[in-house]
Amino acid sequence: MKFAILGDIHANLEALERVLQDAAQRGTDRFVSVGDLVGYNADPVACIKRLKKIKAAVVLGNHDYYASSRELPDNFNPIAKKAIVWTRRQLNIFSRRMLARLPQTLCIDQMTLVHSSLHQPEDWGYIQNIQDAKQSLECQTTPLCFFGHTHRPAIYRMKNGTIETIDSETVTLEPGYKYLINPGSVGQPRDRDPRTGYAIYDTKTKTVSQFRMEYDIETAQKKIEAAGLPESDALRLAIGR
Ligand code: ZN
């Protein structure tokens, strides 16, 4: 079984289509997402529809939460807030309901999905270093967990309380370790590489591989502009930040 793991799509349909095309070529059987389907980019409803069509299993991201509730986040910058308010206006009742019903975490076949961290996931903390990873890994009950939120690919593993990072595009899962992996962001990468990215978990070979691809950034930028969304959200796509 091959799972495609999609992180932080953020309403970027051009990037999502490119990833789905690549995943199909690689023989993906199932799709899962670590949340943030909406926010920043201009195609929230189309992205939600697309994920429904491929029957993706999805967990709740902070942007999904705020876009589908009446609450406004205190810790969002004004640009992110503007995109949330815009997104709320785009959502129809079905897409809003779909977002509002997303679970905070999911377990599928020995694999856990979470947007932020398994340590108090509703607080939306970031896993950015070994210390953050440790807190999440200590709450992890499956050998493998995927997370998002930072928009940067990362691999951590823990054995007997010792944690290390793995700086590689492919990792083979070894028994006795717990793995905590960020597949990167489909719709707004922030590791200074503007290419879209995702990961494939192959249960047969016990490997997780990360992939990056060029996509039609220009069209995504034009849509942001036409929608009246913040210009900085268009500019950042080209620099991957
Ligand atoms: Zn995000």
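Gln120 has its place in the loop between strand 5 (111-114) and helix 6 (130-139). In this predicted model, Gln120 takes a positive phi of about 50 degrees although it is not a glycine, and at 41% relative accessibility it counts as partly exposed. Asn160, found in the loop between strand 7 and strand 8 (162-165), likewise has a positive phi, near 50 degrees, in a residue other than glycine. With a relative accessibility of 77%, Asn160 counts as exposed.

Strand 7 (residues 154-159) contains Arg157. Is Arg157 buried or exposed? Its relative accessible area is 12%, under the 20% that sets the limit for a buried residue, so Arg157 is classed as buried. The side chain of Arg157 makes a polar contact of 2.6 Å with the side chain of Glu164, and another polar contact, of 3.2 Å, links the side chains of Arg157 and Tyr179. Arg157 also lies over the face of Tyr177, at 3.9 Å from the ring centre. When neighbours within four places in sequence are left aside, the residues in contact with Arg157 are Thr162, Ile163, Glu164, Ile166, Glu174, Tyr177, Lys178 and Tyr179.

**Helix 1**

Helix 1 (residues 13-25) consists of 13 residues and spans 18 Å from its first C-alpha to its last, which is close to the 18 Å expected at 1.5 Å a residue. At the start of this helix, a side-chain oxygen of Asn12 comes to within 3.4 Å of the backbone nitrogen of Glu14, while just after the helix Gly27 adopts a positive phi of about 75 degrees.

In soluble globular proteins, nonpolar side chains tend to be buried together. Here the largest nonpolar core has 41 residues, and those with the most contacts inside it are Leu6, Leu37, Leu51, Leu99 and Tyr198. Helix 1 supplies the largest share of this core, 6 residues. Leu99, not counting residues up to four places away in sequence, touches Leu37, Val38, Ile48, Leu60, Asp64, Ala67, Ser68 and Leu91. A second, separate core of 20 residues includes Val32, Val34, Val59 and Tyr177, and Tyr177 is also the residue whose ring face lies under Arg157.

**Aromatic rings**

The structure holds 6 aromatic pairs, two of which are set out below.

| Pair | Centre to centre | Angle between planes | Arrangement |
|---|---|---|---|
| Tyr65 and Tyr66 | 5.0 Å | 80 degrees | edge-to-face |
| Tyr198 and Phe211 | 5.6 Å | 35 degrees | tilted |

Why does the pair of Tyr65 and Tyr66 count as edge-to-face? Planes over 60 degrees apart are given that name, and the planes of these two rings stand at 80 degrees, so the pair falls into that class. Tyr65 is partly exposed at 29% relative accessibility, whereas Tyr66, at 9%, is buried.

Tyr198 belongs to strand 11 (residues 196-202) and Phe211 to strand 12 (residues 207-213), so their pair ties together parts that are 13 residues apart in sequence. Tyr198 is buried with a relative accessible area of 0%, and Phe211 is buried as well, with a relative accessible area of 18%. The charged end of Arg26 sits over the ring of Phe211, 3.8 Å from its centre. Elsewhere among the aromatic residues, Phe3, Phe146 and Tyr201 form one cluster.

**Arg97**

Arg97 lies in helix 5 (residues 93-100) and is partly exposed, with a relative accessible area of 38%. The C-alpha atoms of Arg97 and Asp216 are separated by 30 Å, the two residues being 119 places apart along the chain.

Note on methods
Residues numbered from 1 in each chain as written. Predicted model: local features only at pLDDT ≥ 70, side-chain atom pairs only at ≥ 80, totals over all residues. Heavy atoms only, no water. Helix = DSSP H or I, 4+ residues; strand = E, 2+ residues; numbered from the N terminus. Buried < 20%, exposed > 50% of the residue type's maximum accessible area, 1.4 Å probe, protein only. Polar contact = N/O pair within 3.5 Å; in protein donor to acceptor, adjacent residues only side chain to side chain. Contact = heavy atoms within 4.5 Å. Phe/Tyr/Trp six-rings, centres within 6.5 Å; stacked < 30°, edge-to-face > 60°. Lys NZ or Arg CZ within 6 Å of the ring centre and 35° of its normal. Expected span 1.5 Å × (residues − 1). Core = buried A, V, L, I, M, F, W, Y, C linked by side-chain atoms within 4.5 Å.
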